[in-house]
Amino acid sequence: MTHVIVLGNEKGGSGKSTAAMHIIVALMKTGHRVAAIDLDMRQRSLSRYIENRRKFSENKQMDLLFPIQPEVRASSLDSREASREEETANLTGALSTLSDCDYVVIDCPGADTHLSRLAHAHADTIVTPLNDSFVDFDLLARLDPVTGALAGPSLYSEMVWNARKRRAMSGVPGGIDWVVMRNRLSATRARNKAEMGKKLEDLSARIGYRIARGFGDRVIYRELFPLGLTLLDLGGRDAPVRLSTMSHITARLEIRSLIATLKLPPRETREAA
Ligand SMILES: Nc1ncnc2c1ncn2[C@@H]1O[C@H](COP(=O)(O)OP(=O)(O)OP(=O)(O)O)[C@@H](O)[C@H]1O
Ligand SMILES: [Mg+2]
């Protein structure tokens, strides 16, 4: 009954960990039991984000919400097969302990790893943040260099396609809902923004994703990481940091819009299924 949300994109630095943390806090703030799994074994940005949140909460003696954090280890075995088997057991073992959670949010690394593929195959919802650049778009689809027409799916779309196939064959009911979210949208580069928008629209029907409104390029996201806070923690009378500018308020609306676009099934619907 737990709904699994996977943040994935093989392109590094597209905003997976930032979006993961905002989704986790948004869901906790609406009263849900949420687990967070960090599969980026090297950078551990999501784990570091949550560690910063704990430190902030202790130092300021503030009650903040925290997700459940089951540990999933990478294998250090030499044999590729044995290592994959161990990692599969680690992830499925961790997921099996989370049946009383409403949502599990899994943050994947910006690389193709066995754990990341496995997480995608367990996803009910995949969220793919994408920087507004054709370099990032290249991982979703290839464009004809002369005409600019869509030439076919690319690495990451193929990975999602395989995850969908695996899921369909596993007999688990329901498919994978895939949402692409544009990130770091610039207020100035209007032409590039419009061209990317058009290509993403064209591709969405062909490879089966929905498009979320996305996040603007805002310095506040970088400032919040060391504090362990999200935009959703700011604002109220007792808030640690005030929502000071129009940009912050708009950013908060962008997060709410993303959550609404995800159309996550409420607890009652999942219980009834
Ligand atoms: N909308 C945004 N505006 C400004 N900065 C952003 C935005 N989203 C993310 N960032 C910043 O961009 C950097 C990369 O973001 P993040 O770590 O979330 O990406 P990632 O996809 O998880 O990266 P990796 O693939 O390395 O794990 C961080 O410094 C983050 O603070
Ligand atoms: Mg990350």
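A: Val 34, Ala 36 and Asp 38 point one way from β2. Ala 35 and Ile 37 point the other way, and all are buried. Strand β2 covers residues 34-38, and five of its five residues are buried. Strands are DSSP runs of E with at least two residues, helices are runs of H or I with at least four, and both are numbered from the N terminus.

This is a predicted model: local features need pLDDT of at least 70, side-chain atom pairs count only at pLDDT 80 or more, and totals for chains, interfaces and linings use all residues. Residues are numbered from 1 along each chain as its sequence is written, while chains are lettered from A and ligands numbered from 1 in the order in which they are written.

Now the neighbour of β2. Strand β3 spans residues 103-107, and five bridges join β2 to β3. The two run parallel. Strands pair if DSSP finds at least two bridges between them. Val 34 stands opposite Tyr 103 in β3.

Leaving out residues up to four places away in sequence, Ile 24 touches Val 34, Ala 36, Pro 67 and Val 105. A contact means that two C-beta atoms, placed from the backbone, lie within 7 Å.

Ile 24 belongs to the largest nonpolar core, which has 61 residues. Such a core is a set of buried Ala, Val, Leu, Ile, Met, Phe, Trp, Tyr and Cys residues joined through C-beta atoms within 7 Å. Val 6, Ile 24, Val 104, Val 105, Ile 106 and Ala 119 touch the most other members. Helix α1 gives the most to this core, with eight residues.

The largest share, three residues, comes from α1. Of the 20 residues around ligand 1, Gly 12, Lys 16, Ser 17, Thr 18 and Gly 110 come nearest. To be near, a residue's C-beta atom, placed from the backbone, must lie within 6 Å.

Step back to the whole chain. There are ten helices and eight strands. Buried residues make up 36% of the 273 residues. The C-alpha trace spans about 55 × 50 × 40 Å along its principal axes.

Key:
A residue is buried if 20 or more other C-beta atoms lie within 10 Å of its own, exposed if 12 or fewer, and partly exposed in between; C-beta atoms are placed from the backbone.
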